[in-house]
Amino acid sequence: MPGRNRYQAYTLANFRAIPQMERLSEEMKFDIEVVGRVLPFKTNNFVVEQLIDWERVPDDPMFILTFPQRDMLSPEHYEEIAGLLRSGADAAAIRMAANRIRLQLNPHPAGQSSRNIPTLEGESLDGMQHKYRETVLFFPSQGQTCHAYCSFCFRWPQFVGMSDFKFASREVDRLIDYLRAHPEVSDLLLTGGDPLIMSARNLAQYLEPLLDARLPNLRRIRIGTKALSYWPYRFLSDEDAPDLLALFGKVARSGVQLALMAHFNHPRELEPEPVRQAIARVRESGAVIRTQSPLLRHVNDDPALWARMWNEQVNLGCVPYYMFLSRDTGAQHYFGLPIVRAWEIFRQAYQRVSGLCRTVRGPSMSAGAGKVQMLGVSEVNGEKLMVLRFLQGRNPDWVHRPFFAQYDEKATWLDELRPAFGESRFFYEEEAGDGPHAPLQEHAERAALRLRNIPPAGAERTPWSCG
Ligand SMILES: *Cc1c(COP(=O)(O)O)cnc(C)c1O
């Protein structure tokens, strides 16, 4: 037996060797194989041994978070793949069917792959997105996997080889040129995948040139990561853990703030001793930890759980940042909650925590136009309304202007909402023309198609590869 802190990945190829699989029926293992053909599946020995409560499987939230579940596919999609597997179809046929199904799961929500790609001197910059004035996203090519995959992941297409998004090369010079040309950018967000899958040496090849460039506008470097939860040994006992922490310290001492944008979806993830130690080490390095999570049915749709999670995060010195609504992609029908219900959960949780936990904002939808927060339900002149506002907008002037939608307790995403007071568009849709701020009719059609699992027109033209 290798040590507990030696990383062991489990995928479709070897998950049956996990000792705890003996507890599962053959039927459940088959479900994992079926759904795992369509949605990404990878877990590891820490998740299996220290996060999942096998006494509570199949209802255990950490199990649901990391293992494919039958209901994550529609019955028709499930049957299609199951039939192929049962009949011994070859790998190519299964892959083709899986890709056809994937295209029906809205693989590029909010124009993930094609929009917001910045240009410099007329050339588009691969591996970058610049949507909000202050913050540039950078996807380092070696950081595009994770220690384990979340079953809800909105970037799932890139893990099944069907994203047309090009990741940044090792080359960091173009990024530096872009940041120099854009003094309005104060924040750089390294994201993925999980950039902390990279060795300290690889990560240093991005961070050190950025520091050496001494860009006066670059004040913060953020790293989006799930490593604190899924592989805390990254900061404790991996061979290069000391180098990684030293690198964090170097950034912090340079005067640029380093923030880990840590994903924690359930308070259980904060319990294992290695996680608590890893949080302490990161904080000692001078980095700040901010936390975020989507609200997920079957995993964390309970206000008491969120209150516990935010409290514990603050106890450990982390700063609660965002609660998201799960995006309109992949298995959203399984994880998604109505916007109104999400607000109730947020409000009930927020009411019972101290002010130090109330740095969190939400529930928020990351849509094409920006991050939209559901502020609450209200009534004006007898009309029941939903009140919303932008926390981030493609146009900075949209931010913090309350706007109103007709009350809809079933709607799960922004594009299902109708403007209140009989208006035909939301205020931000006036500036339509190039994308997601499309006329209402198109929103309605898209929502209806999604309910019937039919790809919208144009979806089949999305370039993709069957990796
Ligand atoms: C959330 C997000 C950011 C960062 O926004 P902050 O409000 O500064 O945290 C940047 N780019 C995109 C595309 C985002 O979704």
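The largest pocket of this predicted model has a volume of about 1,100 Å³. A pocket is here an open set of points on a 1 Å grid over the protein atoms alone, with protein on both sides within 12 Å along at least five of seven lines, and lining residues have an atom within 4 Å of a point. The volume is the space filled by probe spheres set on the points, which are joined across faces, edges and corners. Of the 47 lining residues, Phe154, Arg155, His263, Gln292 and Arg327 are the closest to the centre of the pocket. Strand 11 (residues 319-325) supplies the largest share of the lining, 4 residues.

Residues are numbered from 1 along each chain as its sequence is written. Local features need pLDDT of at least 70, side-chain atom pairs count only at pLDDT 80 or more, and totals for chains, interfaces and linings use all residues, while side-chain values use heavy atoms, with hydrogens and water left out.

Strands are DSSP runs of E of at least two residues and helices runs of H or I of at least four, numbered from the N terminus; two strands pair if DSSP finds at least two bridges between them. Strand 13 (residues 370-380) and strand 14 (residues 383-393) are antiparallel and share 10 bridges, with Lys371 opposite Gln392. In their hairpin, which has 2 residues between the strands, Asn381 takes a positive phi near 50 degrees. Strand 14 is also joined to strand 15 by 4 antiparallel bridges, and Leu388 has Phe403 as its bridge partner.

Thr412 lies in the loop between strand 15 (403-406) and helix 15 (440-451). Thr412 is buried, at 19% relative accessible area (buried: under 20%, 1.4 Å probe, protein chains only). Its contacts (heavy atoms within 4.5 Å), not counting residues up to four places away in sequence, are Leu325, Gln332, Leu337, Pro338 and Ile339.

Methods: Buried < 20%, exposed > 50% of the residue type's maximum accessible area, 1.4 Å probe, protein only. 1 Å grid on protein atoms, 1.4 Å probe; cavity = no way out; pocket = protein on both sides within 12 Å on 5 of 7 lines; lining within 4 Å.
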